Amino acid sequence: MSSPLLEVENLRVSFPTHSGRVEVVKGLSFTLGRERLGIVGESGSGKSMTGRSILKLIRKPGEVTADKLRFEGIDILDQNEKQMRAIRGARISMVMQDPKFSLNPVMTVGEQIAEALVTHQRLGRKEVQQRILDMLVAVRINDPERVAKLYPHEVSGGMGQRIMIAMMLIPEPELLIADEPTSALDVSVQAQVLDIIDDLVTRKGMGLILISHDLALVSRYCDRILVMNAGRVVEECAAGQLDKAQHPYTRGLLAAMPVIDETRDELPVLDRTQWAGT
Amino acid sequence: MSALTLKNLDISYGDTKVVHGVNLDVPEGESFALVGESGSGKSTILRAIAGLAPEWTGEISVLGKPRTHGVDRNVSRTVQMVFQDPYGSLHPRKTIDSALSEPLAIHGIGNRGERVEAVLKQVGLDQRFRFRFPHQLSGGQRQRVAIARALMLEPKVLLLDEPTSALDVSVQAEILNLLKRLRREQNLTFLMVTHNLPVVSFLCDRLAVMRHGKIVEIADVAQLKQGDLKEPYSRELLAATAA
């Protein structure tokens, strides 16, 4: 591994409120190689804002500052909108939470995937068609010709999410940001979708940032984990070492999850006053 | 006595039959879970019991009394439902106080102020929330309000439709503890829909595994804890969780 794929140093995201600017990400730093990084935290911890600021998707009046925010040597904060459009999708792409709201309801699945591809590459019609079908097969859709002609409301949630993944991966980006890719899905389908992401990411040697509130899930699919609370990283550890986590917040989150052979009469609850902030 | 009895229950939406011949008996005071994937008909059963899916045949009995197909005031007094999404289940332009008072007004129950105060206390919400609007509350606080609303008529049975799946794990823990305490204090019967097996393990006594609108297996929670489910599909669900 040569230089890191993504370098983030002292990232801050703030929004104005009636009582002055509020920082939702407060000085986050990390570097990412061609590996799988998990960002875990609860609602309001700033994990999604971190993902969005990497793609420069935070609109005014939100404000992003950083000492360093570099993707493959490109300074993201210096790019204008036109330059960003060449990066978004083509080199860094993002899978959103809910396929119901993220797919265009009036375009067929095939057209949407094609759009993701032809925006960034000039290709012949036949080749586009072939790439779409290949990609649908890659996300384990059995009957790609039929599915490509369907509209989003005609497919299930799990299939919708696989279509999203197909759309995000078809331009062959180097970094995939998956923001809660499975929280709108059933448990049985969740594993399938994550296996697909995992398989494609490993096979193509991409970087992955998996953003989720589910500690167990992130530890299963990532190499490294950042635990965020109130805009800061409170703990960083290797995925396998999660059970040895030190920070009281991480420990609290782990303890609050019921387990399959639950014997506790009451679940321990986080004492939020302990970590000032949200 | 049985709190809920379902006999040969078929439920349809229009021409599509979604629940096929379900038989179930939940004794008073039990906490019973319905698990299964989306579209398996588990929420539809709750909706039929609550009167929100009126196209059913067979028999639904609540505390020994058969339920009619229409709006049934007696059923509302004994059975109340808590919905999945606390962001969508509270009226955005009604204060917490008016949302909680509405069931009392409908059923002509007096003493509303005191009852609202008491129920807020039961669900662990400070009185200062009483005259706020839902958007001023967090997800966990809203779910507490939704539970409070279900408790207003002092029901015997609560129908819980994925009550914690929209919440963070730490907030989920708070709500699960709350439900457990309320059940103990008020001797409630729970019929809960979820696809989270660890939650079943924490809160329930028995569970039914559903698939394609049918119950494939009814098991004790002890069996679940030991991984001792019989049907292949139940084992598959268990494996997806435990992996």
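1. Some ground rules before we start. This is a predicted model, in which local features need pLDDT of at least 70 and side-chain atom pairs count only at pLDDT 80 or more, while totals for chains, interfaces and linings use all residues. Residues are numbered from 1 along each chain as its sequence is written, and chains are lettered from A and ligands numbered from 1 in the order in which they are written.

2. Let's begin with the sheet in chain B. It is an open one of four strands, ordered β2-β1-β4-β5, with antiparallel pairing. Strands here are DSSP runs of E with at least two residues, helices are runs of H or I with at least four, and both are numbered from the N terminus; two strands pair if DSSP finds at least two bridges between them. At the edges sit β2 (16-27) and β5 (65-66) of chain B, each pairing on one side only. Helix α1 (residues 42-50) of chain B packs on this sheet and touches β1, β2 and β4 (56-62) of chain B. Its direction makes about 75 degrees with that of β2(B); such angles run from 0 to 180 degrees between N-to-C directions, with axes fitted as lines to C-alpha atoms, for helices over the stretch in contact.

3. Strand β1 (residues 2-13) of chain B and β2(B) run antiparallel and are joined by eight bridges. In one of these pairings, Leu9(B) has Val22(B) in β2(B) as its bridge partner.

4. Now the place where the chains meet. Chain B brings 23 residues to the contact and chain A brings 21 residues, where contact means that C-beta atoms, placed from the backbone, lie within 7 Å. On the chain B side, the elements giving two or more residues are α6 (169-186), α7 (197-203) and α9 (232-242). The most comes from α6(B), with six residues. That side of chain B divides into eleven nonpolar, seven polar and five charged residues. Here Ala, Val, Leu, Ile, Met, Phe, Trp, Tyr, Cys and Pro count as nonpolar, Asp, Glu, Lys and Arg as charged, and the others, Gly among them, as polar.

5. A helix pair in chain B is worth a look too. The axes of α3 (residues 96-106) and α5 (residues 139-151) of chain B come within 8 Å and cross at roughly 25 degrees. That makes α3(B) roughly parallel to α5(B), since angles under 35 degrees count as roughly parallel, over 145 as roughly antiparallel, 65 to 115 as roughly perpendicular and the rest as oblique. From α3(B), Ile96(B), Ala99(B), Leu100(B) and Pro103(B) meet Val145(B), Ala148(B) and Arg149(B) of α5(B). The residues of this contact are six nonpolar, no polar and one charged.

6. Finally, some backbone details to check. Most residues other than glycine have a negative phi, and most peptide bonds are trans. The bond from Lys60(A) to Pro61(A) is cis, with omega near 5 degrees, and Pro61(A) lies in the loop between α1 (47-54) and β4 (63-65) of chain A. Asn111(B), not a glycine, has a positive phi of about 60 degrees and sits in the loop between α3 and α4 (112-122) of chain B. His212(B), also not a glycine, has a positive phi of about 50 degrees; its loop runs between β9 (206-211) and β10 (214-220) of chain B.

Terms used:
Contact = placed C-beta atoms within 7 Å.
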